[in-house]
Amino acid sequence: MALPGLAISTDQGQLAGRGLEGFYRAGRRLLSRCQVRVAGREPLAVQARMTAADRARFVGTLRTTPAAGPDPDVVVERIRHADGTERITFRSAALRPLRLPVEVALGTDLADLSAIASGDAGPELPATVHDSGLRWTSTAGSALVTAHPPPADALASAGLLRWEFELPPGGTATVELRVRPDGAGPLRAVGRSATSPLAPARAAGDDPRVPALMRTSIEDLQVLLLRDPAHPSDTYLAAGAPWRCGMAPAEALTAARMTLPLGTRLAAGTLRILARTQLTAAGPQQGMIPGPRRDAGPHVPPVCTGTEATLLFPALLAEARRWGLPEQEAEELLPAAERCLTWLRTTVSDSTYLCDPQPGGLIRCATQAHAHRAALLGADLLDAYGRPGGSELRQWARELRAAFREGFWTADLGGGRPAAALAPDGRPLAHLDAAAVHLLDTGLLGAGELAPGLLDRVQTEQLARLLGGPAMDSGWGLRGLGAKEAGHNPFGHRAGAVRVQETVLAVAGLSAAGYEKEADGLLHGVLAAAEHFGHRLPEMYAGEQRADGSAPVPHPAACRPAATAAASGVLLLTALAGIRPDTPARTVTLRPTRSAPLGEIGFMGLRIAGAPFSVRVSRLGLAMVEEAADGLQLGV
């Protein structure tokens with residue numbers, strides 16, 4: 001994929017029009033069927049592999065002279081690009097000249113992805129011959145396939161293009177197909193341009209999975225980038241393919257925050273785009289970033305992602321400034337962040353907790369964590385620009401901490417746990433789920449210090465034990481709901497499946513809090529899963545228990561690639577170096593993982609203060625800066 005372009009097929013290489021197969025542009029299927037036949041037969045598929053995030057290579061073979069023995073004498077190679085280009089090459093290994101009749105069968109329904117997913121794609125459309133290919137038209141638009149060289153024959157009624165090639169011994173012939181909306185120009189993916197907001201960072205180290213995961217994660221992030229049509233200089237990450245190739249505010253902000261080590265331009269673009277959607281009309285929602293509701297598991301009603309996005313906005317802006325967002329850009333975004341913080345204080349009013357949805361909804365554990373982080377980082381931001389309100393936010397955060405440690409902690413024989421939520425009547429919902437990891441994600445303040453969390457030290461230690469225990473750690477990552485909890489389902493979105501984002505936040509949070517044993521277990525689990533998935537992590541996979549010889553089981557509804565999963569790959573690795581910049585103070589503090597769980601690891605081409613930053617962590621857990629911006633000092 002390279003959004004808005006996307007190509008989906010099986011490992012056979014042929015597009016047979018089944019399921020989701022096809023070439024897509026901006027969520028519409030331009031071509032559903034593309035089947036190659038040579039001398040009336042389909043090549044035997046022998047290999048299929050991704051060569052990059054936006055292209056795949058398929059290899060098939062044919063025996064044109066069966067009496068000559070079992071060895072194939074024709075190799076068919078198909079290089080498929082997400083931009084709608086497919087190059088088909090025929091190579092002869094025969095000892096005599098070959099005459100190869102080739103035909104390509106094409107078809108499409110021009111269906112929208114959502115209609116295909118719900119089984120309402122409709123029949124194939126009739127084709128017409130157009131120029132050097134075929135054309136299809138419906139009320140939704142038109143699609144065109146052109147071929148080079150032009151076919152010797154084109155049959156619209158059958159959707160066929162035909163050639164006849166004469167191949168000498170060792171000779172080749174190539175056909176290039178281009179699929180596009182009628183009247184549209186070539187696809188220009190954001191991530192493949194020189195103006196991509198993400199630095200092409202690299203990783204190296206003792207563990208060979210490290211460079212592969214870093215490279216694949218950045219490639220996946222590049223192909224998920226989209227531009228704001230009205231403001232093309234602003235980019236954001238689509239939520240994931242194939243199901244959600246558009247903006248999901250909370251996930252876009254989360255992914256931008258996780259990728260701050262690759263620079264601040266993605267964060268700035270995402271913040272500007274969402275600031276333009278902020279609700280400004282007077283009323284209880286004034287200042288909110290709108291977002292859809294999302295499933296929250298079997299025990300609680302859906303959550304409003306607009307609440308999460310509104311709380312993430314000031315936190316991302318504050319942290320982006322620490323990583324090097326130019327002061328002018330930060331100041332331009334400050335009014336939108338202030339409106340988010342004003343909404344928070346107004347909505348909480350005289351209460352201590354923030355409910356979700358408002359008014360009268362559950363008091364969720366994760367929502368309190370997001371609100372607490374927003375208050376502390378938002379206060380930091382307001383103070384930096386001489387704006388009022390910082391002291392009030394800090395005071396409310398202190399009151400929330402005190403109330404949370406008393407009201408959310410539920411005692412049990414195992415040492416207690418944080419409640420997942422409080423019902424409106426104050427009754428705790430004490431099931432253990434992965435949303436608790438947000439309690440560990442406290443946010444970055446100045447001078448390399450992390451903001452205080454909602455839990456005290458004893459409670460944090462108990463949470464670390466729970467997250468590292470067998471009920472939550474599947475061996476492949478963190479389950480969305482503990483295995484012993486009612487309603488647990490290994491395939492449940494928020495009911496037991498491993499969600500990569502929460503797993504990696506747990507690794508980073510546990511490491512930062514000093515619970516490296518629990519962090520290392522989750523780290524090794526998700527790294528092992530990444531290897532099974534070719535280092536292209538899906539947003540989730542089944543939370544089945546890992547055993548000798550087993551493999552992580554894919555989730556049929558997961559996006560892959562997904563913005564938060566790809567961004568998690570970056571955070572998972574860079575968290576091992578413990579990089580905590582403070583660009584306004586011209587310092588960077590390093591708090592590497594002391595256990596060095598992956599041996600020596602190094603990062604080249606990260607970005608701090610707008611300049612390349614490289615760091616290496618030794619097998620002894622000692623960090624050394626190898627490249628940094630001029631004037632950037634190492635913090636204590």
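Start at Pro149, which sits in the loop between strand E13 (141-148) and E14. Helices (H or I, at least four residues) and strands (E, at least two) are DSSP runs, numbered from the N terminus. Show the backbone here: the peptide bond from His148 to Pro149 is cis, with omega near 0 degrees.

A word on the ground rules: this is a predicted model, where local features need pLDDT of at least 70, side-chain atom pairs count only at pLDDT 80 or more, and totals for chains, interfaces and linings use all residues. Residues are numbered from 1 along each chain as its sequence is written, and side-chain values use heavy atoms, with hydrogens and water left out.

**The open sheet**

Now select E2, E5, E10, E15 and E14. In that order, these 5 strands make an open sheet with antiparallel pairing; two strands count as paired if DSSP finds at least two bridges between them. Strand E2 (15-16) and strand E14 (153-155) are the edges, each pairing on one side only. Zoom in on the E2 end, where 2 bridges link E2 to strand E5 (residues 33-38) in the antiparallel sense. Pick Leu15 and you'll find its bridge partner in E5, Cys34.

Go on to Leu110, in the loop between strand E10 (98-107) and helix H1 (113-117). Leu110 isn't a glycine, yet its phi is positive, at about 50 degrees. Leu110 is also buried, with a relative accessible area of 3%. Buried means under 20% relative accessible area, exposed over 50% and partly exposed in between (1.4 Å probe, protein chains only).

Next, select helix H3 (residues 249-258). What share of H3 is buried? The count is 10 of the 10 residues, so H3 is largely enclosed by the rest of the structure. The elements packed against those buried residues include strand E19 (231-237), H4, helix H5 (305-323) and helix H7 (365-384).

H3 and H4 pack at an angle of about 155 degrees, with axes 9 Å apart. (Axes are lines fitted to C-alpha atoms, for helices over the stretch in contact, and angles run from 0 to 180 degrees between N-to-C directions.) The two helices are therefore roughly antiparallel; angles under 35 degrees count as roughly parallel, over 145 as roughly antiparallel, 65 to 115 as roughly perpendicular and the rest as oblique. For the side chains, show Pro249, Ala252, Leu253 and Ala256 in H3, which meet Leu266, Ala267, Thr270, Leu271 and Leu274 in H4. Contact here means heavy atoms within 4.5 Å.

Keep H4 (residues 265-275) and bring in helix H6 (residues 327-348): their axes come within 10 Å and cross at roughly 30 degrees. On the H4 side, the contact is made by Ala268, Leu271, Arg272 and Ala275; on the H6 side, by Glu329, Leu333 and Ala336.

Jump to Ala447, in the loop between strand E26 (428-429) and helix H9 (457-468). Ala447 is another non-glycine residue with positive phi, near 60 degrees. Then select Pro561, in the loop between strand E28 (540-541) and H12. A cis peptide bond joins Arg560 and Pro561, with omega about 5 degrees.

**Around strand E30**

Strand E30 (residues 587-590) is where you'll find Thr587. Is Thr587 buried or exposed? At 19% relative accessibility, Thr587 counts as buried. Colour the strand by the way its side chains point: Thr587 and Thr589 go one way, Val588 and Leu590 the other, and all are buried.

Now show the partners. Strand E29 (residues 579-582) runs antiparallel to E30, joined by 4 bridges, and Pro581 has Val588 as its bridge partner. E29 and E30 form a hairpin with 4 residues between them, and Arg586 in the turn has a positive phi of about 60 degrees. E30 also pairs with strand E34 (residues 633-634), in the parallel sense over 2 bridges, and Val588 stands opposite Leu634 there. Run a distance from Thr587 to Leu634: C-alpha to C-alpha, they are 5.5 Å apart in space and 47 residues apart in sequence.

**Last stop**

Finish on strand E32 (residues 611-617) and strand E33 (residues 623-627), an antiparallel pair with 4 bridges. Val617 faces Ala623 in E33. This hairpin has 5 residues between its strands, and Gly621 takes a positive phi near 80 degrees.
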